[in-house]
Amino acid sequence: MTSTTDRTVRYWTRYVAADGTWRDKRKLPPGEDLAAFRAGLGRPAGTVPALWPYYTSPIDDRLARQDKVSQELTAEHAALALYGLHQQSRPDPMHRPDIRLGQALRRLHEDDHNKGFTREAVDRRVDAAASATQVSAFLTHLRGLVSQLRTVGAPLDYDLLLKDIRDWQRPDTRQLARRRLGLAYYGWQPAPKR
């Protein structure tokens, strides 16, 4: 079985620099790519031909012989689909390194955006996502939350989101992903490096 390293260049990294700005303001993600990604919303990994050219996860030979895909590919598929939704019609990059999902969602909670959702409603949606025990339910809740993030222009780190989605698929790592979400959402920040 092969695994992906942290050095894998994902789609969003081709366009967004490490500081969260566009690498080249004249070359933004094509709308056709984002539409292809959105076609993957709610659909299993590997079933949307338009997404195949964008996958960077290695193929697990053992799973492929069983007509299955890896947890890594499932997570990448979901992250691409959510990125397509998030970046749609947004002039600024919606991928920003080092912004965890919980931190981005905290911005929804803290800011009075007057966009038709209240702090209590955001709390309920985050709680519902965090309580999900199946990755499909988690992704359904994330889809609604990412739509809200798009509305207010709040970016997040899609590499970290991919890791959270991958971790959500296994009970032993789901607890870690849930803890990361909760700590970031309720405002914990790591101590500054010395």
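**Chatting through a predicted helical model**

Me: Where does arginine 26 sit?
Reply: Arginine 26 is in the loop between H1 and H2. Keep in mind that this is a predicted model.

Me: Buried or exposed, that arginine 26?
Reply: Arginine 26 is exposed, because its relative accessible area is 77%, and the cut-off for exposed is over 50%.

Me: And how far apart are arginine 26 and aspartate 127?
Reply: They are 39 Å apart in space, C-alpha to C-alpha, and 101 residues apart in sequence.

Me: OK, changing topic. Which residues have the most contacts inside the largest nonpolar core?
Reply: Those are Leu105, Tyr158 and Ile165, in a core of 49 residues. Helices that each supply at least two residues of this core include H1 (11-15), H2 (31-38), H4 (71-87), H5 (101-110), H6 (119-131) and H9 (171-185), and H7 and H8 are on that list too.

Me: Which helix gives the most to this core?
Reply: H4 does, with 9 residues.

Me: What does leucine 105 touch?
Reply: Leaving out residues up to four places away in sequence, leucine 105 touches Val122, Val126, Leu145, Leu149, Leu181 and Tyr185.

Me: How many of the 10 residues of H5 are buried?
Reply: 7 of the 10 are buried, so H5 is largely enclosed by the rest of the structure. The buried ones are Leu101, Gly102, Ala104, Leu105, Arg106, Leu108 and His109.

Me: So what covers the buried residues of H5?
Reply: The cover includes H6, H7, H8 and H9.

Me: Let's look at H7 and H8, then. At what angle do they pack?
Reply: H7 (residues 135-152) and H8 (residues 158-168) pack at an angle of about 150°, and their axes are 10 Å apart. The two helices are therefore roughly antiparallel to each other, since angles over 145 degrees count that way.

Me: Is the crossing of H7 and H8 left-handed or right-handed?
Reply: The crossing of H7 and H8 is right-handed.

Me: Which residues make the contact?
Reply: From H7, the contact uses Val135, Phe138, Leu139, Leu142 and Val146. On the H8 side, Tyr158, Leu161, Ile165 and Trp168 take part.

Me: How many nonpolar, polar and charged residues is that?
Reply: The contact of H7 with H8 has 9 nonpolar residues, with no polar and no charged ones.

Me: Staying with H8, how exposed is lysine 163?
Reply: Lysine 163 lies in helix H8. It counts as partly exposed, because its relative accessible area is 31%.

Me: Last topic, backbone angles. What is phi for serine 89?
Reply: Serine 89 has a positive phi of about 60°, although it is not a glycine. Most residues other than glycine have a negative phi.

Me: What about phi of aspartate 98?
Reply: Phi of aspartate 98 is also positive, near 75°.

Me: Where do serine 89 and aspartate 98 lie?
Reply: Serine 89 is in the loop between H4 and H5, and aspartate 98 is found in the loop between H4 and H5 as well.

Me: Are they buried or exposed?
Reply: Serine 89 counts as exposed because its relative accessibility is 71%. Aspartate 98 counts as exposed too, at 64%.

Conventions. Residues numbered from 1 in each chain as written. Predicted model: local features only at pLDDT ≥ 70, side-chain atom pairs only at ≥ 80, totals over all residues. Heavy atoms only, no water. Axes fitted to C-alpha atoms, helices over the stretch in contact; angles between N-to-C directions. Helix = DSSP H or I, 4+ residues; strand = E, 2+ residues; numbered from the N terminus. Parallel < 35°, antiparallel > 145°, perpendicular 65-115°, else oblique. Left-handed = near helix turned anticlockwise from the far one by under 90°. Contact = heavy atoms within 4.5 Å. Nonpolar A, V, L, I, M, F, W, Y, C, P; charged D, E, K, R; others polar. Core = buried A, V, L, I, M, F, W, Y, C linked by side-chain atoms within 4.5 Å. Buried < 20%, exposed > 50% of the residue type's maximum accessible area, 1.4 Å probe, protein only.
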